[in-house]
Amino acid sequence: MSDFSVKNNNIFATGNKNLKQSWTKTVVRSLLSVDLKIMAIKSDIPQIHALRERVENKFGKTLYVHADFVELMTVIEMELRQHISETTLERVWSYSTRGYDSVSVRTLDVLAKYACNVNWENFCELLKKENKIESEVFNTEMILSKDLNIGDRIRFGWLPDRICEARYLGDDKFVAEHCENATIKEDDTFVCSQFVLGKELQMNKFCQQTTVNNQQTSSKSKIYIVGREHGLTTLVRI
């Protein structure tokens, strides 16, 4: 018989009600602790967006490509002696294209420890205490992808002199047809649900097209953000 079983039997054999309650509470707390560590949380909540910002601030750069996530994984292992795979990090940043939409509390604990030296629960409390008002109501030009028909075209621009004209393919996906002075080029594709004048634009699943030996190939999808400081300066349906 194991030590645990002997202890269990001794407690209940004594008939001591307080000991029974204390032992039961200890077991329940242990089980809850395990459940919380494996519990999955939706990766699109505001707190996770804030955590990603804090991690990138400490890391010293924005995570754009696979190599960035590998580098962050290595830094975390060296600093905290904790392992998070690069694929898990990519899921947290919505870089992965495998359809994951949640992340474990254990992963969030490690990232919060790296960024702010607290666990995930305390990080969320920290955000509340900071008491920053991060909501606003604004009246400006905007285009929602759900309001477009397949084949519709839009034109958007950002400083200093970037222009892109894109055609809607359906399911929030666009293909660039004409671009000026920008990283995005003709035939590149991206996913975006809304365009707002004066706000930065995040293009998800951004794929650049290249031609090698007269054959067109797509790069691995990335996140491409434009208008970080001043937002979109031009936005029209054409």
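**Figure 1. Network of salt bridges in the predicted model.** Salt bridges link Arg153, Arg155, Glu165, Arg167 and Glu177 in a network, a salt bridge being a side-chain nitrogen of Lys or Arg within 4 Å of a carboxyl oxygen of Asp or Glu. The structure as a whole holds ten salt bridges. Side chains of opposite charge can pair when their charged atoms come close. This is a predicted model, in which local features need pLDDT of at least 70, side-chain atom pairs count only at pLDDT 80 or more, and totals for chains, interfaces and linings use all residues. Residues are numbered from 1 along each chain as its sequence is written, and side-chain values use heavy atoms, with hydrogens and water left out.

Figure 2. The side chains of Glu177 and Arg167 meet with an N to O distance of 2.4 Å. Strands (E, at least two residues) and helices (H or I, at least four) are DSSP runs, numbered from the N terminus. Glu177 is partly exposed at 28% relative accessibility, and Arg167 is partly exposed at 30%. Here buried means under 20% relative accessible area, exposed over 50%, and partly exposed in between (1.4 Å probe, protein chains only).

**Figure 3. The salt bridge of Arg162 with Asp161.** The closest N and O atoms of Arg162 and Asp161 are 2.7 Å apart. Arg162 counts as partly exposed, with a relative accessibility of 27%. Asp161 is also partly exposed, its relative accessible area being 39%.

**Figure 4. The salt bridge between Lys61 and Glu71.** The two side chains, of Lys61 and Glu71, meet at 3.0 Å, N to O. Lys61 lies in the loop between α3 (46-59) and α4 (66-80), whereas Glu71 lies in helix α4, so this pair joins parts that are ten residues apart in sequence. Lys61 is partly exposed at 33% relative accessibility, and Glu71 is partly exposed with a relative accessible area of 38%.

Figure 5. The protein averages a pLDDT of 81, and 75% of the residues score at least 70; pLDDT is the predictor's confidence in each residue, from 0 to 100. Where pLDDT is low, the predicted coordinates should not be read in detail.
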